[in-house]
Amino acid sequence: MLSSRFKFDGKECEELNEFQIKAKKEILEKIDSGMYQFENINCPICKSDNKKEISQKDKYGLPHEISLCKNCGFLYASKRLNQESYNDFYIHHFNDLDIGYSVGFDESFKSQYNNAKNSIYPFLKDEIDFSRTLNILEVGCSSGGQYRCSRN
Ligand SMILES: [Zn+2]
């Protein structure tokens, strides 16, 4: 483990507001009831199960295991919600937990989409030739709109 502060203790790493506290409580209830299920993952790059656990929780104090692949060096979520649980999580809890107020999934997605369309794309179009075929890999980009930047 990277540090004892990453051990799962249920404590968040930053102060949560009322929406975040409510979302965290509801998520924990779904975990405790068995509605949310976890799965253990081998390295998604090289498929190795040779890993070093780095952290047992996320910044909200929820269980989320991050490991370093000792074979290829990739850092990944080695114990995570299964797809069905993630689907429910992102529809019902992610926005409240992540941004700290309730806007709903559709509104959040629309806001991020508009930010990407109105801010990110105009910036990139001067730097990248979009007339040629491009392969783009975004990792951990949410809806791709840099939501927090759009609120500043
Ligand atoms: Zn690997």
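**Labels and their cut-offs**

Modeller: I start in the sheet: Lys51 stands opposite Cys69 in S3. The model is predicted, so local features need pLDDT of at least 70 and side-chain atom pairs 80 or more, while totals for chains, interfaces and linings use all residues. Numbering runs from 1 along each chain as its sequence is written, and side-chain values use heavy atoms, without hydrogens or water.

Biologist: What makes S2 and S3 partners?

Modeller: Two strands pair if DSSP finds at least two bridges between them. S2 and S3 have five, and run antiparallel. Strands themselves are DSSP runs of E with at least two residues; helices are runs of H or I with at least four, and both are numbered from the N terminus. By that rule the protein chain has five helices and four strands, in the pattern α-β-β-β-β-α-α-α-α.

Biologist: Why are S1 and S2 called edges?

Modeller: The sheet is open, its order is S1-S4-S3-S2, and its pairing is antiparallel. S1 and S2 each have a single partner strand, so one side of each lacks a neighbour in the sheet. Neighbouring strands are turned by 30° on average, direction ignored. Axes are lines fitted to C-alpha atoms (for helices, over the stretch in contact), with angles from 0 to 180 degrees between N-to-C directions.

Biologist: What packs on this sheet?

Modeller: Helix H2 (residues 83-92) does, touching S3 and S4. Its direction makes about 90° with that of S4. Contact means heavy atoms within 4.5 Å.

Biologist: How do you know which atoms are the donors of the zinc ion?

Modeller: A donor is an N, O or S atom within 2.8 Å of the metal (3.2 Å for Na, K and Ca); water is not among the atoms, so sites may look incomplete. The SG atoms of Cys43, Cys46, Cys69 and Cys72 lie 2.3 Å from the zinc ion, so they count. The spacing of these residues in sequence is C-x2-C-x22-C-x2-C. Cys46 sits in the loop between strand S1 (38-40) and strand S2 (51-57), Cys72 in the loop between strand S3 (63-69) and strand S4 (75-81), so the pair ties together parts 26 residues apart in sequence.

Biologist: Why is the site called tetrahedral?

Modeller: Four donors are tetrahedral if all angles lie between 85 and 135 degrees; square planar (four) or octahedral (six) needs opposite donors over 155 degrees apart and all others between 65 and 115, and anything else is irregular. Here the angles are 101 to 118°, so the label tetrahedral holds. The ideal for four tetrahedral donors is 109.5 degrees.

Biologist: Is Ala23 buried or exposed, and how do you know?

Modeller: Buried means under 20% relative accessible area, exposed over 50%, partly exposed in between (1.4 Å probe, protein chains only). Ala23 has 2%, so it is buried. Cys46, at 28%, is partly exposed. Cys72, at 38%, is partly exposed too. Of the 152 residues in the protein chain, 30% are buried.

Biologist: What makes up the largest nonpolar core?

Modeller: Such a core is a set of buried Ala, Val, Leu, Ile, Met, Phe, Trp, Tyr and Cys residues joined through side-chain atoms within 4.5 Å. The largest has twelve residues, among them Ala23, Ile27, Tyr60 and Phe89. Helix H1 (18-33) gives the most, three residues. Beyond four places in sequence, Phe89 contacts Ile27, Tyr36, Leu81, Phe94 and Leu97.
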